[in-house]
Amino acid sequence: MAGQIFGPAAMALESLDPSQVAFINALPKAELHAHLNGSIPISELQQMAHEYSRTSDKGPSDVVQNGITKIQNGVVLDEIYDFFDLFPAIYAVTSNPASLRRATRAVLAQFLDGDNPQCSYLELRSTPRETVQMSKFDYVQTVLDEVERYPKSRAALIVSLDRRMSVDVARECVQIASRLKAEGRRVVGVDLCGDPKAGDMSLFAECFSQAKQAGLGVTLHVAETLDNSAEETLQLLSYSPDRLGHATFLNDEAKSLVRENKSCIEICLSSNLFCKTVTKLEDHHIRYYLQHDHPIAVCTDDTLPFRNSLVGEYALLLASQPLGLGLSEAEVRCIAEMGMAARFGV
Ligand SMILES: CNc1ncnc2c1ncn2[C@@H]1O[C@H](COP(=O)(O)O)[C@@H](O)[C@H]1O
């Protein structure tokens with residue numbers, strides 16, 4: 001179901017022979033790090049933008065048109081901070097329950113539908129957003145209604161907290177996640193994401209402890225850039241996260257803590273290359289975790305701007321160097337199993 005892919009993942013996939021592609025397709029794989037609004041298929045987003053321009057009282061919006069054109073032409077980032085400028089255009093077209101439902105349905109289909117689905121299980125994450133037409137609670141319910149069209153063994157939701165949120169808003173998001181979980185809805189965890197430079201992460205401590213008390217899994221984007229201080233990283237690790245997003249720039253102290261706690265690292269190879277937080281595949285921190293037999297989960301992050309797919313990310317593991325990491329099929333199978341073992345939802 002995934003559309004055409006480009007970039008390093010596409011090159012790695014093209015280099016594989018048909019039996020290797022069949023091997024990846026047949027592996028049970030979990031996608032544990034996919035941001036909803038960063039994973040909308042481009043064809044769906046274009047149609048939604050077209051309808052938005054047609055029906056919006058303000059007429060065609062330059063922000064939307066320019067943003068979608070930029071994504072369509074292939075995003076080139078000078079640095080990770082440019083990445084966050086892509087979202088105002090996407091958010092403009094997913095700002096009411098109907099368009100959010102449509103986007104969510106397309107994202108779920110992209111990962112889970114078809115004869116050769118990208119993954120067996122998807123833990124989709126999204127940040128509750130309040131707009132003129134919906135409250136944060138409506139937002140989460142709308143996404144959940146779509147997630148729950150699939151069986152429990154296939155799809156679940158993680159509620160993201162954005163580093164740019166005030167503590168009050170972050171607390172409200174955790175309350176929404178906890179309440180829905182208590183009502184038996186399929187919210188399985190909370191995430192911390194957003195601009196890596198934003199916010200004071202010492203203020204979020206209570207949010208993660210409340211989430212844990214409610215029985216939710218906790219995953220945190222941590223040390224995604226060199227600008228994330230060692231103090232901040234240690235602070236985030238002190239919240240005892242179950243999983244970590246990226247964990248690209250950990251110092252020795254943080255690495256030994258992470259290894260002690262056995263927190264699974266969500267690895268997003270294409271994303272790190274596009275955002276230039278990793279220069280080349282052979283320098284990627286995945287190697288460190290593989291050498292130390294540490295749990296990892298290979299994930300896509302944002303298939304819309306990065307134009308990748310989960311099968312493409314697995315191709316980066318299997319393809320010979322320099323296009324891939326040159327791992328054996330047994331090693332790739334073991335990575336897929338680690339991803340399945342790190343699911344919050346089962
Ligand atoms: C590249 N690595 C990343 N690092 C940090 N945050 C990221 C991210 N990729 C995506 N997001 C976060 O996810 C939001 C979009 O999905 P939702 O609106 O939540 O569905 C972005 O606004 C950003 O806050």
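**Helices, loops and ligand shell of the predicted model**

Helix H6 is followed by Gly-114, a residue whose phi is positive, near 95°. The structure is a predicted model, in which local features need pLDDT of at least 70 and side-chain atom pairs count only at pLDDT 80 or more, while totals for chains, interfaces and linings use all residues. Residues are numbered from 1 along each chain as its sequence is written. Helices (H or I, at least four residues) and strands (E, at least two) are DSSP runs, numbered from the N terminus.

Helix H6 comprises the 16 residues 97-112. The expected span of a helix is 1.5 Å times one less than its number of residues. For H6 this rule gives 22 Å, and the end C-alpha atoms are 22 Å apart, so expectation and model agree. A residue is termed buried if 20 or more other C-beta atoms lie within 10 Å of its own, exposed if 12 or fewer do, and partly exposed in between, with C-beta atoms placed from the backbone. In H6, the buried residues are Leu-100, Ala-103, Thr-104, Ala-106, Val-107, Leu-108, Gln-110, Phe-111 and Leu-112. Their cover is described by contacts, two residues being in contact if their C-beta atoms, placed from the backbone, lie within 7 Å.

Helix H16 (329-341) was examined in the same manner. Its 13 residues should span 18 Å at 1.5 Å a residue, and the distance between its end C-alpha atoms, 18 Å, agrees with this. Val-332, Ile-335, Ala-336 and Gly-339 are the residues of H16 that are buried. These residues cover an arc of only 100° around the axis, and therefore lie on the same side of H16; the arc is that of the directions from the helix axis to the C-beta atoms. An α-helix has 3.6 residues a turn, so residues three or four places apart point the same way. Exposed residues Ala-330 and Ala-341 are carried on the face of H16 turned away from its buried side. Cover for the buried residues of H16 comes from elements that include E1, strand E8 (296-298) and H15.

When residues up to four places away in sequence are not counted, Ala-315 touches Ala-9, Ala-12, Leu-13, Leu-16, Ile-24 and Gly-324.

The ligand is surrounded by 18 residues, of which the closest are His-35, Leu-36, Asn-37, Ser-126 and Thr-127; a residue is near a molecule or strand if its C-beta atom, placed from the backbone, lies within 6 Å of it. The shell around the ligand divides into 5 nonpolar, 9 polar and 4 charged residues. Here Ala, Val, Leu, Ile, Met, Phe, Trp, Tyr, Cys and Pro count as nonpolar, Asp, Glu, Lys and Arg as charged, and the others, Gly among them, as polar.

Several loop residues were also characterised. Arg-129 lies in the loop between E2 and H7 and is partly exposed, because 17 other C-beta atoms lie within 10 Å. Apart from neighbours within four places in sequence, Arg-129 is in contact with Tyr-91, Lys-136 and Tyr-139. Cys-275 occupies the loop between helix H12 (269-274) and helix H13 (286-291); it is buried, since 25 other C-beta atoms lie within 10 Å. Residues touched by Cys-275, not counting those up to four places away in sequence, are Leu-77, Ile-80 and Phe-83. The C-alpha atoms of Cys-275 and Thr-225 are separated by 9.6 Å, although these residues are 50 residues apart along the chain.

Backbone geometry marks three further positions. Ser-240, in the loop between helix H10 (230-237) and strand E6 (243-246), has a positive phi near 55° without being a glycine. Ser-240 counts as exposed because it has 12 C-beta neighbours inside 10 Å. Ala-247, in the loop between E6 and helix H11 (252-261), likewise is not a glycine and has a positive phi of about 50°. Ala-247 is buried, as 28 other C-beta atoms lie within 10 Å. Finally, Gln-321 and Pro-322 are joined by a cis peptide bond with omega of about 0°, and Pro-322 is in the loop between helix H15 (310-318) and H16.
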